[in-house]
Structures are given as structure tokens and as C-alpha cells.
Amino acid sequence: MAITPPPTPPNTGNPAQLEERADAFFGWFPTFVADYNGDLPLLRGKTYATRGGTANAITLSTGGVELATGMQVRWRASAANTGPVTINVDGQGAMEARTITNVALPAGYIRTDADTVATYDGTRWIVDRQIESGINANGAFQRTADGTLLCWGFVTSSSTAETAATFPAAFVASNAASEIMVSLGVNSSSETFAITARFTGMTTTGMSVSAFRALTEARISVRVTFIAVGRWY
């Protein structure tokens with residue numbers, strides 16, 4: 001919303017119009033205040049809000065006057081959400097929060113180690129999420145706001161049996177074997193192009209890995225790397 005321009009201000013050098021212009025100028029101030037209050041939610045966009053409430057029923061205070069479509073609020077959560085979330089900004093009422101893919105927030109969507117930014121779309125709060133990266137004993141992973149989960153790591157295959165490979169983060173899928181895409185590679189100082197890596201028993205948390213010499217089909221012990229892509233919500 002544009003601020004309504006003020007009328008011509010009074011000029012003491014023109015006494016004949018001083019009173020008329022003064023009345024018009026001071027009469028403009030209520031319009032200015034109304035215009036400013038209308039823009040205030042957007043002017044305060046992405047400023048830190050004072051948080052309260054609980055992990056799943058969040059209250060935020062920005063000092064704003066009213067909600068406006070497109071306004072944004074930023075805060076640092078003290079606890080990760082455990083399920084669907086409502087957000088109440090400046091006492092305007094609890095409203096549903098949604099992911100950027102327009103579904104209810106899954107557990108852990110709101111983080112305690114990064115700021116959360118929510119945008120009001122006129123009906124609900126759309127919550128964005130910074131890329132989350134992590135490393136653990138099973139490898140490395142990245143979670144993005146649209147639900148994509150990327151995992152990568154390695155295991156050393158056995159020459160006698162399948163080797164369990166655990167993903168560094170768990171996927172979610174109704175059918176893990178069809179919902180997770182896996183690529184395998186072999187790190188070897190010799191026979192690199194004569195080795196085949198295979199996996200079986202796919203689940204949301206891992207799989208079993210083997211490596212074979214292509215010509216003899218004999219199991220061998222070699223480092224097998226994996227990249228798995230799927231969804232975390």
C-alpha cells in the first residue's frame with residue numbers, strides 16, 4: 001500500500017492561505033497513520049518475533065497491528081515440533097501452519113538450530129526451512145524443505161556374506177524399495193571395472209550390500225559407496 005502524499009504544507013510567507021493549508025495538512029495525519037498501520041506488517045517482515053506457547057502451538061509477538069497477506073515472521077524455536085503446528089501472531093488467532101508443499105508440518109520440521117521463517121498467505125502460515133545437513137557414523141545427509149532426503153556413505157563388503165549398510169538418516173515411504181533411489185559405486189585400487197556392487201533387502205533405514213567379481217561371481221571385500229535419494233516426509 002502506498003502512503004497518501006500530504007497536501008501542500010502551510011507557508012508563513014503567505015498568511016492568506018496559512019489557516020486553510022494548516023487545516024488540510026493536519027487533517028492528513030489520520031490518513032497517514034492508517035496507511036502506515038496498513039503497511040506495518042510488511043515493514044516488520046522477517047524481523048525477530050518474541051516466541052511463546054508450546055512446540056506445536058506457537059505464539060509470536062511482533063508488535064504489529066494486524067495480519068497482512070505476504071507478511072513474514074522469524075523466530076528461533078526452543079523445541080522442535082512433534083507434529084502438526086498452529087501459529088498465533090500478535091493475538092490474531094491460532095492458524096494452521098503448512099510446509100512449502102502445502103501439507104501439515106511433520107515432526108522435526110521446525111528446528112532449534114536454525115531460524116524459522118513463516119509467510120502468511122491470507123489463510124494459513126507457510127513455513128520455510130533451511131537445508132539441514134548432518135554427518136554421523138553411517139555417512140552424511142541433507143534434508144530440504146520440500147521433503148527431499150539425500151544420503152551418502154560407504155561400507156566395506158564381506159567376501160562371505162551380505163553387509164548391512166545403514167542410512168545416515170531414515171527415509172519415509174509406503175514402499176521403500178520403490179520410493180528410494182540408490183546408486184552404488186566401488187572404490188578399489190585394482191579390477192575397478194570388473195567388480196559389480198549389488199544391494200538387497202531395502203528398508204527405510206538401510207539395505208544389504210555385496211560386491212562380486214563380474215567374471216567369477218565370487219564375493220569380494222571392497223569399499224562400496226552409496227547415494228540414496230528419497231523423502232523424509
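This is a predicted model: local features need pLDDT of at least 70, side-chain atom pairs count only at pLDDT 80 or more; totals for chains, interfaces and linings use all residues.
Residues are numbered from 1 along each chain as its sequence is written, and side-chain values use heavy atoms, with hydrogens and water left out.

**Stop 1: a cluster of rings**

Select Tyr109, Trp232 and Tyr233, which ring pairs link into a cluster. Rings of Phe, Tyr and Trp (its six-membered ring) pair if their centres lie within 6.5 Å; planes under 30 degrees apart count as stacked, over 60 as edge-to-face and the rest as tilted. Counted this way, there are six aromatic pairs. Begin with tyrosine 109 and tyrosine 233: their ring centres are 6.0 Å apart and the planes meet at 80°, so this pair is edge-to-face.

Strands (E, at least two residues) and helices (H or I, at least four) are DSSP runs, numbered from the N terminus.

Now bring in tryptophan 232. Its ring centre is 4.9 Å from that of tyrosine 233, with the planes at 85°, so the pair is edge-to-face. Is tryptophan 232 buried or exposed? Tryptophan 232 has 11% relative accessibility and therefore counts as buried. Tyrosine 233, at 17%, counts as buried too, and tyrosine 109 is also buried. Here buried means under 20% relative accessible area, exposed means over 50%, and partly exposed is in between (1.4 Å probe, protein chains only).

**Stop 2: charges over rings**

The charged end of arginine 129 sits over the ring of tyrosine 109, 5.7 Å from the ring centre. A charge sits over a ring if NZ of Lys or CZ of Arg is within 6 Å of the ring centre and within 35 degrees of the ring normal. For another example, select arginine 198, which lies over the face of phenylalanine 212 at 4.6 Å from the ring centre.

**Stop 3: a cavity**

On a 1 Å grid over the protein atoms alone, a cavity is a set of points where a 1.4 Å probe fits but cannot get out, and lining residues have an atom within 4 Å of a point. Grid points are joined across faces, edges and corners, and a volume is the space filled by probe spheres set on the points.

How much space lies in the largest cavity? It holds about 40 Å³, and there is one cavity of 30 Å³ or more. Its lining residues divide into two nonpolar, two polar and four charged.

**Stop 4: strand 4 and its partners**

Select strand 4 (86-89). Two strands pair if DSSP finds at least two bridges between them. Strand 2 (residues 57-61) pairs with strand 4 in the parallel sense over four bridges, and threonine 86 is the bridge partner of alanine 57. Strand 4 and strand 5 run antiparallel, joined by two bridges; threonine 86 stands opposite glutamate 96 there.

Strand 4 and strand 5 form a hairpin with five residues between them, and aspartate 90 in the turn has a positive phi of about 55°. Most residues other than glycine have a negative phi. Aspartate 90 counts as partly exposed, at 21% relative accessibility.

**Stop 5: strand 10 and its neighbours**

Finish with strand 10 (residues 148-156). Its covered face has Leu149, Cys151, Gly153 and Val155, and its uncovered face has Thr148, Leu150, Trp152, Phe154 and Thr156. Strand 9 (residues 139-143) pairs with strand 10 in the antiparallel sense over four bridges, with alanine 140 opposite tryptophan 152. These strands form a hairpin with four residues between them, and glycine 147 in the turn has a positive phi of about 100°.

How many bridges join strand 10 to strand 15? Nine do, and the two strands run antiparallel; look for leucine 149 and its bridge partner, glycine 230.

Definitions and conventions. On a 1 Å grid over the protein atoms alone, a cavity is a set of points where a 1.4 Å probe fits but cannot get out, and a pocket is an open set with protein on both sides within 12 Å along at least five of seven lines; lining residues have an atom within 4 Å of a point. Ala, Val, Leu, Ile, Met, Phe, Trp, Tyr, Cys and Pro count as nonpolar, Asp, Glu, Lys and Arg as charged, and the others, Gly among them, as polar.
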